[in-house]
Amino acid sequence: RDAENAALFDDLAAGSKVTNLHITGVITTPAKYAAGLAAHSHNGAYVDGIHSSVIINSGISGDGTHAGIIGVIEEATTIKNCLFDGQMIGASTDCCGGIVGWCSGNPIVIDGCLIVADIQVDANGSNMIARNPNNAQVSNCYYTTPFADIPAGASQISPEQFPTGEATYLLNGGRTANIGWFQTLGTDEMPVLDATHKTVYRLPDGTYTNEPQSELDKHAGTED
């Protein structure tokens with residue numbers, strides 16, 4: 001696409017809600033604001049459970065304001081439980097964000113997001129999660145490979161923390177109810193955005209299980 005705003009949606013209108021999508025495809029553009037889900041979002045937009053595997057090939061020199069999920073948040077928007085595992089490519093492009101390209105309005109909430117993407121744009125002016133991060137409340141966000149500036153509320157995580165269930169537990173902020181990330185241990189190699197899979201609990205010894213403590217207590221001292 002030669003014009004700006006190459007994304008699944010050009011705009012998320014005020015009050016719009018987008019949940020539970022897996023977005024794939026390739027965007028090749030010489031213009032700004034390419035993103036996995038939407039180029040722009042407006043007041044009260046709510047995004048939850050978006051898995052972006054989009055590949056962005058950027059031909060723009062300088063400020064791209066591309067992002068894994070939303071290019072520019074114009075007004076208050078909530079982004080929860082999103083995964084970006086695509087690519088962002090463009091050696092001459094800078095000023096991009098792993099989840100959001102630019103945060104204009106506030107309050108902006110970005111919670112429980114995971115970036116395992118291959119990001120190959122210039123780190124100059126870019127941010128691991130969201131540019132202009134002072135307008136965003138970032139919490140429980142994780143990435144595997146550091147890129148550009150890292151905001152408070154985002155931390156690096158290693159691939160070894162995926163199969164054990166630790167990453168899933170951390171993305172959920174230690175919660176086991178009203179959560180967005182799931183993992184059937186022994187089957188899923190990493191967290192998934194699919195509620196048909198199991199909840200991850202943390203045991204007192206620091207290991208992880210799919211059984212709540214109450215169920216484990218029932219079987220304590222017994223043989224299966």
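Asp-63 and Lys-32 form a salt bridge in this predicted model, with the closest N and O atoms 3.5 Å apart; a salt bridge is taken here as a side-chain nitrogen of Lys or Arg within 4 Å of a carboxyl oxygen of Asp or Glu. The two residues belong to distant parts of the chain, 31 residues apart, with Asp-63 in strand S7 and Lys-32 in the loop between S3 and strand S4 (38-41). Helices (H or I, at least four residues) and strands (E, at least two) are DSSP runs numbered from the N terminus. The model is predicted, and local features require pLDDT of at least 70, side-chain atom pairs count only at pLDDT 80 or more, and totals for chains, interfaces and linings use all residues. Residues are numbered from 1 along each chain as its sequence is written, and side-chain values use heavy atoms, with hydrogens and water left out.

Asp-63 also forms a salt bridge with Arg-131, the closest N and O atoms being 4.0 Å apart. This pair too links distant parts of the chain, since Arg-131 lies in the loop between S16 and S17, 68 residues from Asp-63 in strand S7. Asp-63 counts as partly exposed because its relative accessibility is 29%, whereas Arg-131, at 9%, counts as buried. Buried means under 20% relative accessible area, exposed over 50%, and partly exposed in between (1.4 Å probe, protein chains only).

The structure holds 3 salt bridges. One of them joins the side chains of Arg-175 and Asp-111, at 3.8 Å from N to O. Arg-175 is placed in the loop between H1 and S20 and Asp-111 in strand S14, 64 residues apart. At 32% relative accessibility Arg-175 is partly exposed, and Asp-111, at 8%, is buried.

Asp-188 is buried yet has no salt bridge, and the nearest side chain of opposite charge, that of Lys-198, is 9.4 Å away. In this assignment Lys and Arg count as positive and Asp and Glu as negative, while His and the chain ends are not counted. The side chain of Asp-188 instead makes a polar contact of 2.6 Å with the side chain of His-197. A polar contact is a pair of N or O atoms within 3.5 Å; within protein, one must be able to donate a hydrogen and the other to accept it, and residues adjacent in sequence count only if both atoms are side-chain atoms. Apart from residues up to four places away in sequence, Asp-188 touches Gln-183 and His-197, where contact means heavy atoms within 4.5 Å. Asp-188 lies in the loop between helix H1 (166-171) and strand S20 (201-202).

Pro-191 is found in the loop between H1 and S20 and is buried, with a relative accessible area of 3%. Leaving aside neighbours within four places in sequence, the contacts of Pro-191 are Phe-162, Ala-167, Thr-168, Leu-171, Trp-181, Phe-182 and Gln-183.

Ser-53 occupies the loop between strand S5 (45-52) and strand S6 (55-58). Ser-53 counts as buried because its relative accessibility is 19%. Its side chain makes polar contacts with the side chain of His-51 at 3.2 Å and with that of Asp-85 at 2.7 Å. Not counting residues up to four places away in sequence, Ser-53 touches His-22, Ile-23, Thr-24, Gly-25, Asp-85 and Gly-86.

An open sheet is formed by 4 strands in the order S3-S6-S11-S16, with parallel pairing. Its edge strands, each pairing on one side only, are S3 (26-29) and S16 (118-121). The twist averages 15° from one strand to the next. Two strands pair if DSSP finds at least two bridges between them; S6 and strand S11 (residues 87-90) pair in the parallel sense over 3 bridges. Ile-56 stands opposite Met-88 in S11.

Backbone geometry was also examined. The peptide bond from Asn-106 to Pro-107 is cis, with omega near 5°, and Pro-107 lies in the loop between strand S13 (100-103) and strand S14 (108-111). Thr-65, although not a glycine, has a positive phi of about 50°. Thr-65 sits in the loop between strand S7 (62-63) and strand S8 (70-73) and is buried at 3% relative accessibility. Asn-132, also not a glycine, has a positive phi of about 60°. Asn-132 is located in the loop between S16 and strand S17 (136-139) and is partly exposed, with a relative accessible area of 25%.

How values were computed:
Axes are lines fitted to C-alpha atoms, for helices over the stretch in contact, and angles run from 0 to 180 degrees between N-to-C directions.
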